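User: I have a model open and want to learn how to read it. Can we take it one feature at a time?

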Amino acid sequence: MAPISVAILCFPAAMCASTLAAAMEKRNVLLVALDETDDWAHGDRYDRFLEGMMFADSFLAELWDFLQSSTQYRDKTTLILTTDHGRGNTPEDWTDHVDVPGAEDIWIAVIGPDTPDVGEVSNSEIVYQNQTAATLLSFLGLDYREFNPNAGAPISVVLNPTDRR
Ligand SMILES: [Zn+2]
C-alpha cells in the first residue's frame, strides 16, 4: 500500500503559494480548512461572512493558479472542495447549523486531470459526506475498503470511468 502523507493547514488569514509549496513538500495530500465564514456567521456578521467568502474565492483562485503554474503539480493534482455542513435557509437561522433545517445540505466540487469535465451536476444520485475520503483515496489509486470498509463509496460522477472501483 502506498504511504499517505498529509499536511493539514487551518488558515483564517491569507496564504501565499510559497507557504503551500513548503507544506506540500514530500506530501501527497494537503487539507486546508478555511474557517472564516463559519466564525463570522456564528457571530451574525453577514458583512464579514461575505468578506470571508470573497477571501476563500480568491485564495482558491491563487491556489489553482499556483498548481497549474508548477511543473510538479500541473495536470497531476486534483482539488476537492467541500464543506462540513450547510447553514439554515432563512435570515433567521443562517447563523447556526445545529438542529437547523437545511444545515445537512452540503456540496462538493472536484477539478483535476482524473475528473470528467461535466460542469455543475444537479440530477445525479444523492452523495454523502462520508464518500469524500473514499473519493480522495481513489484519486491516489487506493481502495478505501483497505482503510475503512464501512465508509461511503467513492463518488463515481467525479471519477473517470477507468478509475471507478
Ligand atoms: Zn459552525
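User: Start with V29. Is V29 buried, partly exposed or exposed?

Analyst: Count neighbours. Buried needs 20 or more other C-beta atoms within 10 Å, and exposed means 12 or fewer. This is a predicted model. V29 has 15 other C-beta atoms within 10 Å, so V29 is partly exposed.

User: Where does V29 sit, and which residues does V29 touch?

Analyst: V29 belongs to strand 2, residues 29-33. Leaving out residues up to four places away in sequence, V29 touches I4, V6 and L136. Look at L136. V29 and L136 are 107 residues apart in sequence, yet their C-alpha atoms are 8.9 Å apart in space.

User: How do I read the length of helix 3?

Analyst: Compare the actual span with the expected one. Helix 3 covers residues 46-69, which is 24 residues. From first C-alpha to last, helix 3 reaches 34 Å, close to the 34 Å expected at 1.5 Å a residue.

User: Which residues of helix 3 are buried, and what do they pack against?

Analyst: F49, G52 and L67 are the buried residues of helix 3. The buried residues of helix 3 pack against helix 2, residues 36-42. For the whole chain, 12% of the 165 residues count as buried.

User: Now backbone angles. What is phi of D44, and where is D44?

Analyst: Look for positive phi in residues other than glycine. D44 is such a case, with phi near 55 degrees. D44 is in the loop between helix 2 and helix 3. With 11 other C-beta atoms within 10 Å, D44 is exposed.

User: And what is phi of D75, and is D75 buried or exposed?

Analyst: Phi of D75 is near 60 degrees, again positive in a residue other than glycine. D75 lies in the loop between helix 3 and strand 3 (79-82). D75 counts as exposed because it has 9 other C-beta atoms within 10 Å.

User: Last, which elements have the lowest and highest mean pLDDT?

Analyst: Check the average, then each element. The chain averages a pLDDT of 85, and 88% of the residues score at least 70. Strand 1 (residues 6-10) has the lowest mean among the elements, 66. Strand 4 (residues 108-111) has the highest, 94.

Definitions and conventions
Residues are numbered from 1 along each chain as its sequence is written. This is a predicted model: local features need pLDDT of at least 70, side-chain atom pairs count only at pLDDT 80 or more; totals for chains, interfaces and linings use all residues. Helices (H or I, at least four residues) and strands (E, at least two) are DSSP runs, numbered from the N terminus. The expected span of a helix is 1.5 Å times one less than its number of residues. Two residues are in contact if their C-beta atoms, placed from the backbone, lie within 7 Å. pLDDT is the predictor's confidence in each residue, from 0 to 100.
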